[in-house]
Structures are given as C-alpha cells and as structure tokens.
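Me: I'm new to this one and would like a close look at a single part of it. Could you walk me through the charged pairs and where they sit?

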Amino acid sequence: MEVNGEQRWLWVRAAETLLYALRDHLGLTGCKPGCENGDCGACTVLLNGVPMKSCLMLAVEADEQRIITIEGLKNSPVQEAFVLKQAFQCGYCTSGFIVNGHGLLSAHSDADPETIRLWLESNICRCTSYEEIHKAIMTAQAAKKEGGPANEGV
C-alpha cells in the first residue's frame with residue numbers, strides 16, 4: 001500500500017484492522033482507537049482520497065490502495081485552521097476531524113455550511129462544541145480558495 005506518499009509493505013494477520021496496522025507496524029499513531037465500531041471517527045484516514053474509518057477496514061483490504069493519515073497532512077490548511085480557531089480541547093478526536101475536513105474540501109471545495117455540517121456528523125467530539133470545528137473547516141476552505149495559508153491576514 002502507499003501510505004503518505006511512500007510505498008509500504010506489511011505482514012499482517014488476516015483479522016488485523018487498518019487502524020492497528022498503521023499504529024503497530026508503521027508507528028503512525030495519529031489515527032486513534034476510540035469506539036472501534038465506526039461511530040466516533042477518531043481513526044479516520046483517507047483511502048484513495050475518501051475519508052474512511054480505519055477501525056472498520058481490514059489491513060489486507062488496503063492492498064494496493066493509497067492511504068493518507070494525519071501525519072501526511074502536516075501543515076495542511078485544515079490543520080492550520082484548527083490551530084487558528086482553537087478547534088480542539090483534549091485533542092483525541094482532532095486528527096479524525098482534520099482528515100475528514102481535508103477529504104471534504106478535496107471533494108467539495110465550495111461546500112456550503114450545511115454540507116460541512118453533514119460531513120462533520122461522521123465524527124464525534126465529547127468535550128467541545130462543534131462550532132469551532134465548523135469555523136476551522138470554513139477558514140481552511142477560504143484559505144484554499146485564496147491559495148494561501150489559513151492564518152494569512154490574521
């Protein structure tokens with residue numbers, strides 16, 4: 001599989017999820033184990049550009065696929081906007097929201113506020129309101145349209 005732009009070869013158990021293959025074999029601990037049944041979104045990665053909950057996918061299913069984790073989105077407009085808008089508290093869910101937000105803006109660069117809200121429903125944060133997260137996505141969206149970093153002009 002390709003992970004964060006690098007071809008990687010893994011030996012995994014047939015029942016091993018992509019979440020634990022990334023964490024245990026590659027040391028990519030940004031995707032977090034949360035509910036482990038697809039509800040919380042803390043383990044979200046991009047699979048061929050589409051947000052996917054890595055706890056729901058077997059690692060063997062990722063054969064010949066392109067995976068991007070939070071580590072592959074370092075300094076992305078969405079990550080910068082999350083910092084700028086303080087769109088986190090404890091931070092456990094943050095990587096999943098950033099990956100999901102990146103996927104959203106890649107698929108729908110001109111998403112309206114309702115579309116953003118609907119996409120964010122697939123992730124859960126237990127300690128903050130979703131208002132800051134929503135604002136961060138909208139800030140990243142504006143930055144991408146302008147072609148600059150999320151913190152430009154602040």
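Reply: Let's start with Arg8, which counts as partly exposed because its relative accessibility is 26%. Keep in mind that this is a predicted model. The side chain of Arg8 meets that of Glu6 in a salt bridge, at 3.8 Å from N to O. Glu6 has a relative accessibility of 44%, so this residue is partly exposed too.

For the others, hop over to helix α4, residues 113-120. Glu114 and Arg117 both sit in that helix, three residues apart, which is about one turn. Their side chains meet in a salt bridge, 2.4 Å from N to O. Arg117 also forms a salt bridge with Glu121, where the closest N and O atoms are 2.5 Å apart. Put together, Glu114, Arg117 and Glu121 make up a linked network of salt bridges. Glu114 is partly exposed because its relative accessibility comes to 38%, and Arg117, at 37%, is partly exposed as well.

Now back to Glu6, to see what's around it. Strand β2 covers 6-7, and it belongs to an open, mixed sheet of five strands ordered β2-β1-β5-β3-β4. β2 and β4 (50-53) are at the edges with a single partner strand each, so one side of each has no neighbour in the sheet. Helix α3 (residues 94-107) packs on the sheet, where it touches β3 (44-47) and β4. Further in, β1 (residues 2-3) and β5 (residues 66-68) run parallel, joined by two bridges, and Glu2 stands opposite Arg66 in β5.

Technical notes:
Residues are numbered from 1 along each chain as its sequence is written. This is a predicted model: local features need pLDDT of at least 70, side-chain atom pairs count only at pLDDT 80 or more; totals for chains, interfaces and linings use all residues. Side-chain values use heavy atoms; hydrogens and water are left out. Two strands pair if DSSP finds at least two bridges between them. Helices (H or I, at least four residues) and strands (E, at least two) are DSSP runs, numbered from the N terminus. Contact means heavy atoms within 4.5 Å. Axes are lines fitted to C-alpha atoms, for helices over the stretch in contact, and angles run from 0 to 180 degrees between N-to-C directions. A salt bridge is a side-chain nitrogen of Lys or Arg within 4 Å of a carboxyl oxygen of Asp or Glu. Buried means under 20% relative accessible area, exposed over 50%, partly exposed in between (1.4 Å probe, protein chains only).
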